Amino acid sequence: MSGRGKFISLEGGEGVGKSTQVKALAAALRQRGIALVETREPGGSDGAEKIRELLLTGDDGRWSARAEALLFAAARADHAEKTIRPAIEAGTWVLCDRFVDSSLAYQGGALDLGIAEVRAVNQFAIGELFPDRTLVLALAEGGARARARDNEDSDRIGGRPAGYHQRVDLAFRQIAAEEPGRVRIVDASGSPDEVTRRLLDQLEDLLP
Ligand code: TYD
């Protein structure tokens, strides 16, 4: 393989079947002969996995909104530098389960910090390392499904009230409207195979 690898992120609110689709999309890309690293956020490097623990455990009020946004950005800076950038520069593709747009939606849009403010903090963290394409899985009844699935076991952020998750969904749609070249909303309804095909369709122009 020659040149830089492509950087793809998969996003979405709670309960849209994202974990299943990360695996399916990774398999489909490898089947096309693409060398691929799968990674996730928060986490994806030793330091970032440590910060993940701080972010996802404890009471909802453990961190102020600004501290939460900065911790996600700190984890992302380490992940970008240690894992993502080296892979891309070696010509390997990177598929990331959540990335900067989760911060724009969950902290910027839904916590009222503002999408532009959180983007600025993240620009400091990752420089120009925005994904080549971001696929946002969206499902009308996503919140209800997540609650049914997670019950009381939700993590610190997943367990926030339904209104918070509605703001997350709205923010993802706003980001996609602002950056239609990079960010695509993908219908997460139907069979897993159908959804994977829709995701691949949105990568058509990047595929070798
Ligand atoms: P995780 O266990 O990875 O679950 P999933 O991706 O399946 O939802 O939990 C990550 C949680 O952290 C999730 O609720 C989204 C949230 N999150 C943010 O609020 N901001 C971020 O920047 C990222 C990466 C995640």
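Where is Arg 98 found? I began my notebook with that, and I found Arg 98 in the loop between strand 3 and helix 4. A reminder to myself before going on: this is a predicted model.

**Entry 1: backbone at Arg 98**

I looked up the backbone angles here. Phi of Arg 98 comes out near 75°, which is a positive value in a residue that is not glycine.

**Entry 2: who surrounds the ligand**

For Lys 18, I read 2.8 Å between a polar side-chain atom and a ligand oxygen. For Arg 52, an N or O atom of the side chain lies 2.9 Å from an oxygen atom of the ligand. Asp 155 also turned up, with a side-chain N or O atom 3.5 Å from a ligand oxygen.

How much of the ligand does the protein bury? Taken alone, the ligand exposes 540 Å², and the protein buries 89% of that. I checked the pockets too, and the space taken by the ligand is the largest pocket.

**Entry 3: aromatic pairs**

I searched the whole structure for aromatic pairs and got 3 of them. I wrote up the pair of Phe 7 and Phe 99: the ring centres are 4.9 Å apart and the planes meet at 75°, so I logged the pair as edge-to-face.

Which parts of the chain does this pair link? Phe 7 sits in strand 1 (residues 7-12), while Phe 99 is in the loop between strand 3 (93-97) and helix 4. The two are 92 residues apart, so to speak a link between distant parts of the chain.

**Entry 4: a cis peptide bond**

Last, I looked through the omega angles. The peptide bond from Glu 41 to Pro 42 is cis, with omega near -10°. I placed Pro 42 in the loop between strand 2 (36-40) and helix 2.

Technical notes: Residues numbered from 1 in each chain as written. Predicted model: local features only at pLDDT ≥ 70, side-chain atom pairs only at ≥ 80, totals over all residues. Heavy atoms only, no water. Polar contact = N/O pair within 3.5 Å; in protein donor to acceptor, adjacent residues only side chain to side chain. Areas by Shrake-Rupley, 256 points an atom, 1.4 Å probe, with all protein chains shown as cover. 1 Å grid on protein atoms, 1.4 Å probe; cavity = no way out; pocket = protein on both sides within 12 Å on 5 of 7 lines; lining within 4 Å. Sits in = over half its atoms within 2 Å of the grid points. Phe/Tyr/Trp six-rings, centres within 6.5 Å; stacked < 30°, edge-to-face > 60°. Helix = DSSP H or I, 4+ residues; strand = E, 2+ residues; numbered from the N terminus.
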